[in-house]
Every structure is written in structure tokens, then in C-alpha cells.
Amino acid sequence: MPYSFDGTAALKVRPGAVVFPRTSEEVAACVKLAREAHIAVVTRGSGTGLSGGSVPSPGCLVVCLVQMDQILEVDEKNLTMRAQCGVITKEIDDAAAKVGLFYPPDPGSMKISTIGGNVAENSGGLRGLKYGVTRDYVMGIQVVLPDGTLTWLGNKCVKDVAGYSMKDLFIGSEGTLGIITEVLIKLLPRPVARKTMLALYDRMESAAETISAIIAAKIIPCTLEFLDRTTVQCVEDYAKIGLPTDVEALVLMETDGHPVVVQEEAEQMMQLARQHGAREVRAAADEAEGAKLASARRNAFSALARVMPTTILEDVTVPRTELAHMVGFIRECAIRHNLKVGTFGHLGDGNLHPTFLTNERDHEEMHRVEAALEEIVNETLRLGGTVTGEHGVGLAKKAFVRRQLGDGSYELMKSIKRALDPQCLLNPGKIFDL
């Protein structure tokens, strides 16, 4: 039963069996056996996905990779690390930190999600604005193909243009093309200094305008995060950080790098926040206080999940110039459909997480949630946005994919799936139907 669902609300399918391989060779053997028996294979890590990507198909074999949890090599000279797919994301950065290095991608689930799952979903995170997403740090992967073949894609070379970039085909493919069993990732020198600031607002639009102004001023902070009133209230009730609960919005700003640059950027961002309507701007006195302030954003999902029986965390991204409009649209949409919605997200890269606080047993309310989501998706696409910035398509977003990509791109993706997995063995029904 625990393997019949992931972190996505209202999606549950009981698998036929669950296996726990410890090596790539065991994964390959599982795939070969499933292929011979014509049984679908769904790969799973910690099950933190929010798009239904690891929800089983009926009677399938779930290959759970959490016991493949070894860091195999930390290469300080080449700034790389090689790890099995089941290593927890935070443990990757902790191991890098021991030798003065840094693994930037930090999804909200980093304390429990696995690096293999991050690669399969191309996960983002709070530091994505400055440092990019998981794809930007993957130099090589070991993959089990749908016929059970074990292959290695990529290497430690900083430059390599020999043939197609095959590893990039599998990054973000959500387990539909192959099973990632090992990863070779790029590391960076750890930043010397960091500064964390908090800006409080009486208007959500002012907070969004501040973020647009920071980007327009050609400042690329490490973190630029947004929480609306509902989220702030839930976080304070949950974590007791000391946040004022009478604000309409909160913006978390963080800069890192050389101490002189950090100080200069921090002062500029605080000034821009004041110019765009912040009623208060505060800077952390030290690293401990900075971590405490940052926890306001990292605790957002957990805090919201306590309010109602069902929490539906959505994921849309718009061009940054459209942020103020989109934040207002989501608020109006919630009022129009009489729904409780908390909105937070990585506004520095245009990524919003409208979070519906509801009850999946209330079918009438769930219909209103579906109608509201349809409106949000339509507006996102009208503005030139994407239906998923970091959670993936899976089951939750596949109805919208053709609308975003158009027929040509959509059919091209399906043709790649057919070519690599003609039996539709791996994670069937995800991203699109075949």
C-alpha cells in the first residue's frame, strides 16, 4: 500500500509487486524479467513527486531504488561526484561541503528526495534563479534501457560534443525512456559569503513588482522567493519563526559569493524593496538567523498541508514581466471559485506554486478546484508560460501538454518514446498516452 501513491493528491493505484534492487545489474535483471512477462515497470525513489510521475499503473512492477544509496566517488580535482541514484539530495551537498564544494540544486524535498528522482524529473529549487536546475549539473548517467541493456552516457569532460547529447534525452524524461541508476554530477566551489533578507508587504502586487525590479536591475540573487498571506500565516503557526501574520506578502532574498559583492547586492535589493512598497525590510544578523528566515520558505508546503485533508500543490511558470499580473489572477481565481489557495514560489525565475487547500472527499469542491486550475493553466499559456516549471508532467499535467507544445513537438516526443520503448514497458501513461 505505501507504494501505491506518491506526493500527488488523490492519485492511488496498487502495484502488482515492489522490488528493492541494490545494484544497476539487479535493476537490469528486473527490467529483463518484466519485459519477458509483458509487465509494466514504474521506477520510484522516495515518492516525493508532485505530478503523479511514480504512481503505479495497475498490476505493474515497482522498482524502488532507495537502497542504492552509496556515494561512489568525490573527485576534488575534477569538481565532480559520482553517486547511486538512491542517495538523498541533501547528502550530496553535505558530502560536497566536507571538501569545500557545493551542489546548488535544492528542491523543497531535498531532505528526503533522491538524486535519481531529481534527475528523472529535472528538479529545480530555491537556488535555481542563480544556479540553474538539476540538468545543469549532470555530466553523466548510467541508464537501464527498456530492453534491460545497461549503458553509460556522458563523462567528466567539461567540453564534449561527440554525437547527440544522449544523457539530456533521459534527464527530465520521468522514467519513461530508461531507469537512471548512477549519476555523475558537477560541483562548484562553495560561496564564501551569504546574506539573507526579508521584505514585508501590504500588497501582493508590490512584492511581485519588487522581484521584477531586482531582475531588471541586472541583479541575480541566489534566492528570490515569495509567500502570500495565507502561506505566511500557516508557516508561522507551524514553525513559530516570528513572522508578522498581518502582511499580504513576504519576499525572501538571498545573495551569495564574494563578501564585497554580497554586501553591495544586499544593499541594492533592500533599497529596491523599499522603493516598491515594502513596509519593512530586515537583514539577518548572521548565518544562523539567515537559515531561520530561509526556513519560512522551506516549510511552506509542510505548513499548508496541515490546514486541510488534501493539499494540491500546483506548478506554473510565466515570464518574469508577468509575475504581478499572474499573482493577482490566482488570487481573483480563488475568490471566484470560493477556494482557499496559498501561493508561494520561486518568483525570481517566474515559477509559482498556487496550493489548493481542500478535501478530496468533497466532490463538489474538487470540481471547483479543477475549474480553477483550468483557468490558471489557460492564463499561464496565454502569457507565454509553461504548465510545469519543475514538478514534471506525470499524470497531473499530461492533459495540458499538447496545448503548450503544439502538435509537432508533441508527436516528436511520442515518436522518441516509441523508438526506445516500443512495448511501452517503462512508466506507461505518464506525460502522454500511447
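## The E7–E8 hairpin

In the hairpin formed by E7 and E8, where five residues lie between the strands, Gly148 adopts a positive phi near 90°. Strands are DSSP runs of E with at least two residues, helices are runs of H or I with at least four residues, and both are numbered from the N terminus. The structure is a predicted model, in which local features need pLDDT of at least 70 and side-chain atom pairs count only at pLDDT 80 or more, while totals for chains, interfaces and linings use all residues. Residues are numbered from 1 along each chain as its sequence is written, and side-chain values use heavy atoms, with hydrogens and water left out.

Strands are taken to pair if DSSP finds at least two bridges between them.

## The antiparallel sheet

E7 and E8 belong to an open sheet of five strands, arranged in the order E4-E5-E9-E7-E8 with antiparallel pairing. Its edges are strand E4 (71-75) and strand E8 (150-154), each of which pairs on one side only. Neighbouring strands of this sheet are turned against each other by 10° on average, direction ignored; for such angles, axes are lines fitted to C-alpha atoms, for helices over the stretch in contact, and the values run from 0 to 180 degrees between N-to-C directions.

Strand E7 (residues 138-144) is joined by six bridges to strand E9 (residues 179-186), and these two run antiparallel. E7 is mostly covered, with seven of its seven residues buried, where buried means under 20% relative accessible area, exposed over 50%, and partly exposed in between (1.4 Å probe, protein chains only).

Helix H2 (residues 89-97) lies across E4, strand E5 (80-84) and E9, and runs at about 140° to E5.

## The parallel sheet

A further open sheet consists of three strands in the order E1-E3-E2, and here the pairing is parallel. Strand E1 (17-19) and strand E2 (41-44) are its edge strands, each pairing on one side only, and the twist from one strand to the next averages 25°. E2 and strand E3 (residues 61-64) pair in the parallel sense over four bridges, with Leu61 in E3 as the bridge partner of Val41.

## Helices H11 and H12

Helix H11 (residues 323-336) and helix H12 (residues 363-382) have axes that come within 10 Å and cross at roughly 160°. That angle makes H11 roughly antiparallel to H12, since angles under 35 degrees count as roughly parallel, over 145 as roughly antiparallel, 65 to 115 as roughly perpendicular and the rest as oblique.

From H11, His325, Met326, Phe329, Ile330, Cys333 and Arg336 meet Ala372, Glu375, Ile376, Glu379, Thr380 and Arg382 of H12, contact meaning heavy atoms within 4.5 Å. By class, this contact has six nonpolar, two polar and four charged residues; Ala, Val, Leu, Ile, Met, Phe, Trp, Tyr, Cys and Pro count as nonpolar, Asp, Glu, Lys and Arg as charged, and the others, Gly among them, as polar.

Thr386 is placed in the loop between H12 and helix H13 (398-420). Leaving aside its neighbours within four places in sequence, Thr386 is in contact with Val316, Thr317, Thr380 and Gln404. Thr386 and Pro319 are 67 residues apart in sequence, while their C-alpha atoms are 9.2 Å apart in space.
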